[in-house]
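Here is a short briefing to read with the structure open beside you. Take the topics one at a time and find each residue as you go.

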Amino acid sequence: MVSRPLQSHLAQVFAQYPIEVAHGEGVWLYARDGRKILDFYGGHAVAGLGYGHPRWVAALERQARQMTFQTNALPMAIRERAAARLAKFAGLGLDTVFWVNSGAEANENALRLAFKITGRGKTVALEHGWHGRTAAAGAVTWGALEKWYGFPRTPFDVKFLPRDQPAAAQRMVDRDTAAVIVEPIQGMGGAYDVGKPMLQALRRRCDAVGAVLIFDEVQCGMGRTGAPFGANYHGVVPDVVTAAKALGNGFPVSALLLSPRVARELKVDDMGTTFGGGPIACAAAEAVIEIIESESLLANVRQVSTYIRSTCVIGPVTGVQGAGFLLGLKTSRPAKEVQSALLERNILTGTSADPAVLRLLPAYILNEGHVDQLHDALSKIPA
Ligand SMILES: Cc1ncc(COP(=O)(O)O)c(C=O)c1O
């Protein structure tokens, strides 16, 4: 990691990798210094289609020419079309879509809906979960209060459930609980699959007490597991799914997918946004889904993920966790050291809150040849 030059006008809040990206193509990054880097990090899980996919670029261009922006007060076909396509892609019966702009904003709205619907004041989240930097999303993010939260108090009570103890759901989710929010496969928490037993236990308990179950699929959704969402991957349907990151492939867009139980409570003015549902954002989301489906990218994610699991436990890697293309390579040495050694060999990977997990979030177009390059590089790094 390096710091920016002193004359930078950018807020100095991000640790920086030592590469300046000039352009990207597919799964490749081209650095200003001439290096060509194989990207297993995907702009932090955003570039699901890779860089510069021609049909995604064409969709944005087309929409920009036709209508760049229009308020939600004016009906637009692209908004409707993208919502229908997203609901169908998910296939979960969560058929009402509300468009917003970022992961945190989607979670903020999901939590707010849960409070409104239930009239209760408490939430349950999972240890090691990450939900964003706004007041409500930060409140349900594990460790935020101690590290960066900053607001004088959280807006509601939060209890954190150990992520490997489904039985604790019975005890911690009670009749004062408005919402339970969970990433089916945790991203920042180390590409950790929370697992079907935990999700089922939360579903059962939310049903029993009338709480709203929210799956934060900002990172693990939109095909990253090789299924449309973590909900499909584990066969557990929540009341609300939030999606972002790969949804726009780099154009900012996020969404809430709502069950009939939640949707029927909505009245005009209950939620709002200026930029959410903007036509270019919707065109981006529509193109992403069209490309995932027409290029059979979910099948590719499943196949190449299996190949990573079977070939990349080598060198400093002792095991693999996670799902699809949200994978955590468990490392015998600090993951940051392995990350640096890989970058010296022109391979970009991510880390996580777990210091012994290297995170892979590649584009869905990654192939086995690319994985062979990761394997070869790992095999040269001492354990
Ligand atoms: C699971 C999850 N939820 C929410 C967020 C917040 O998304 P955003 O940064 O778009 O607000 C993130 C971001 O990394 C995330 O991984």
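R81 counts as partly exposed, at 44% relative accessibility; buried means under 20% relative accessible area, exposed over 50%, and partly exposed in between, with a 1.4 Å probe and protein chains only. R81 forms a salt bridge with E286, with the closest N and O atoms 2.7 Å apart. A salt bridge here is a side-chain nitrogen of Lys or Arg within 4 Å of a carboxyl oxygen of Asp or Glu.

This is a predicted model, where local features need pLDDT of at least 70 and side-chain atom pairs count only at pLDDT 80 or more, while totals for chains, interfaces and linings use all residues. Residues are numbered from 1 along each chain as its sequence is written, and side-chain values use heavy atoms, with hydrogens and water left out.

**Salt bridges**

- E286, the partner of R81, is buried, with a relative accessible area of 16%.
- Helices (H or I, at least four residues) and strands (E, at least two) are DSSP runs, numbered from the N terminus.
- The side chains of E290 and R55 also meet in a salt bridge, at 3.2 Å from N to O. This pair joins helix α11 (residues 279–294), which holds E290, to helix α2 (residues 54–66), which holds R55, across 235 residues.
- E290 counts as partly exposed at 26% relative accessibility, and R55 counts as partly exposed at 37%.
- Another salt bridge brings together the side chains of K116 and D270, at 3.3 Å from N to O. K116 is in helix α4 (residues 103–118), while D270 is in the loop between α10 (260–263) and α11, 154 residues apart.

**An open sheet and a helix**

- Look next for an open sheet of 3 strands, in the order β13-β14-β16, with antiparallel pairing. Two strands pair if DSSP finds at least two bridges between them.
- Why is one side of β13 and of β16 left without a neighbour in the sheet? β13 (317–323) and β16 (357–360) stand at the edges, and each has a single partner strand, so one side of each has no neighbour there.
- Strands of a sheet pair through backbone hydrogen bonds, either parallel or antiparallel.
- Strand β14 (residues 326–331) is joined to β16 by 4 bridges, and the two run antiparallel. In β16, V357 is the bridge partner of K330.
- Helix α13 (residues 335–344) lies across β14 and β16, running at about 50° to β16. Axes are lines fitted to C-alpha atoms, for helices over the stretch in contact (heavy atoms within 4.5 Å), and angles run from 0 to 180 degrees between N-to-C directions.

**Around the ligand**

- How many residues surround the ligand? The number is 13, and the closest are G103, A104, D216, Q219 and K245.
- A polar backbone atom of G103 is 2.8 Å from an oxygen atom of the ligand.
- K245 has a polar side-chain atom 3.0 Å from an oxygen atom of the ligand.
- For W130, a backbone N or O atom lies 3.3 Å from a nitrogen atom of the ligand.

Notes. A residue is near a molecule or strand if one of its heavy atoms lies within 4 Å of it. A polar contact is a pair of N or O atoms within 3.5 Å; within protein, one must be able to donate a hydrogen and the other to accept it, and residues adjacent in sequence count only if both atoms are side-chain atoms.
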